[in-house]
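Thanks for asking me to look this one over. Here are my notes, in numbered points, to read with the model open beside you.

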Amino acid sequence: MSVSRRQALQIGGVGVIGAMGLAVPLSSVDAKSASLLDPKNMPRLYQRTLPIPPVLAPKSTTIGADGKKTHLYQIEQTAAMANIVVGLSTPILGYNGLFPGPTIKVNQGERITLEMDNVLPLFHPQWGYRLDTSTHLHGSASLPQFDGYANDLTGRGLCKDYEYPNFQPARTLWYHDHAVHNTAQSVYSGLAGQYHLHDEVERNLLPQGKFDVPLTISDAMFAKNGSLGYNDNTHSGLWGDVILVNGAPWPVMKVQRRIYRFRILNASISRSYRFQLGAGDPVTMVGTDGGLMPAAQQVTSWRQAGAERYEILIDFSKYPVGKRVELRNLSNKNNVDYDYTGRIMAFDVTGDPVDTSGPAARVMPTLLTGSSTMSLTPSQSVKTRHMRLKRDLDTWTIDGMTWDEVVRSGYKKVLADPDLNDIEIWEFENSSGGWFHPLHIHLVDFQILSRNGRAPFPYERGPKDVVYVGEGETVRLLMQFGPHRGRYMIHCHNLPHEDHDMMGQFSVGYDTNDPDPNDPIEAVKPHPIGQVTPVEPGSTEPTETAPVTTTPPAPQVDVVTITTARHRLNKDIAFAGTSQYTGTATGASVVIWDVTPGRTATRLGATIINSLGGWSWTTKPGPSRQVTTVRIDSSRGGTATANVRTD
């Protein structure tokens, strides 16, 4: 199928296929361009230096009664102008007025409260929809009320306080808007940013600091005046003719002759990429959505759909000074490709003195680290579920369910209802007639078992939360559900598909007819911007930077008890207790640790504290080694230790 430039420029001055629509999948569409820019305003290859988004500083830091830090961050969602095309300004929506938004960096175990202020216009300046927002930290095992549920909306002039526990292993996450039916347009307008979670394992294995580089890749098209054009082609997808990296078209980065780490996020709302270095040289894949892989994989190209994150290492020491190394896009089926969408960015190798400090400056790591997700085996699965991805007329569905049905059910209808800590296999069959779907499952990391019965690609052999379900493919995924109970979303990350209406939900350890202490809409409501949340007893007053405490912490206000602690090896393990709390926190949880003497403390699991102050956790058969001592850490600050019965 061939499309002329005149045919491509439809719908409000800019489009891809325009009036032709996309009622059927594309086999191959090529066009010269989509933007209506005057040639003098059209960006050119490799004229801009790669911008690096600023790292967001905390507004304050407190030290809890347990000695752990909680950082308070504040971000304003606001309308702004960006310099993307030559000689013109582009209106955007941005976190703190930036696209991409500032990068948030945090260490494992440090909690975050994020004040997300909506100071956007009441309606989108170009497309007229109401600019209510919902912020999803993609890749975080957050409680439902902090997960960016599509209908948990924050209106203009309001702030939502999000709490992130950061207990997971190191990984590349990202935060983006998730408001119901308008996610695509808001993310396309700029509401996206990276979030890096670090731990000691990752810090000792992979490049850090200026050699740890975020690359947020997206595509766009432009009207004659430099504003963004938008056309989702009957909700099929939007494909721009300008490739942006960290908000700049086809940029260049100067590099030293050493190993660099790149965190690649596909923030395009529809386009998938097949990345490759210009000469076909291999890169070393070390991380997937959910963190480090068990072992590094050398690949010459890889397929990456919307919302997927891959961490790669490139060794520039093998290139001579003055060499330009391109990152290219070989593309995939069912994209729309233009003259320059095959190019992404370039790296120019310099003769600057080489900084070899830090890990992996000269030697590629091979063995990385295991994870609970990649240690799961199919034999542990208690249930296999099969779901179909398809298009019914103009509506996209997951196993026949639409989000409209969820809303009409009072948010009770679910696709699946695993119990807390259950391990299941989910199969997804792409029956949509040829389209690909990047499918995102909230809360969990999963292991890809197979594609059409064959092994996953080498670059997918790590924990994932988005899976590329290609044309005619059936994928099998293995996952464990936890650590929280409640309702979570599952949807396609081709965002026009999600908005119309390829989104459903599942529940974990919870009957949707019962009261829900973690209701994703009602448990934590937005409040007026500037309203001060009182400092709870037991934490220090906020300070501008994290202080080094030399005085004893204030008395804890959360008294956690352990009333049941038993581990019958090869049979079961069970813990229960109470939480007596004098503060105002809601939706609390406990994390359970094996602290058997002579071993490194190991996380066993987590569970919620119910509205009556009780908690319990049990699983079969439990750890393969006898647990004799256990510690319970509450998200409210309390902690308790007990000996474990073994009878």
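1. D516 has a relative accessibility of 16%, so it counts as buried (buried is under 20% relative accessible area, exposed over 50% and partly exposed in between, with a 1.4 Å probe and protein chains only). Its partner is R487, with the closest N and O atoms of this salt bridge 3.2 Å apart; the term requires a side-chain nitrogen of Lys or Arg within 4 Å of a carboxyl oxygen of Asp or Glu. R487 is buried too, because its relative accessibility is 6%. R487 sits in strand β31 (residues 486-492) and D516 in the loop between β32 (503-508) and β33 (527-528), so the two are 29 residues apart. Strands here are DSSP runs (E, at least two residues), numbered from the N terminus.

2. A word on the basis of all this: the model is predicted, and local features need pLDDT of at least 70, side-chain atom pairs count only at pLDDT 80 or more, and totals for chains, interfaces and linings use all residues. Residues are numbered from 1 along each chain as its sequence is written, and side-chain values use heavy atoms, with hydrogens and water left out.

3. How many salt bridges does a search of the whole structure find? The total is 37. One of them joins R303 and E473, whose closest N and O atoms are 3.6 Å apart. R303 belongs to strand β19 (residues 302-304) and E473 to the loop between β29 and β30 (474-480), so this pair ties together parts that are 170 residues apart in sequence. R303 counts as buried because its relative accessibility is 13%, and E473 because its value is 12%.

4. R343 and E326 also meet through their side chains, at 2.9 Å from N to O. R343 is in strand β23 (residues 343-349) and E326 in strand β21 (residues 324-329), so parts 17 residues apart in sequence are tied together. At 29%, R343 counts as partly exposed, whereas E326, at 11%, counts as buried. Do look at the network as well: salt bridges link E202, D212, R261, R263 and E311.

5. Turning to the sheets, strand β27 (residues 437-441) runs antiparallel to β29 and is joined to it by four bridges; strands pair if DSSP finds at least two bridges between them. P438 stands opposite Y468 in β29. In β29 (residues 466-469), V466 and Y468 point one way, V467 and V469 the other, and all are buried.

6. Another sheet is open, with four strands in the order β5-β10-β9-β7 and mixed pairing. β5 (104-107) and β7 (135-138) each have a single partner strand, so one side of each lacks a neighbour in the sheet.
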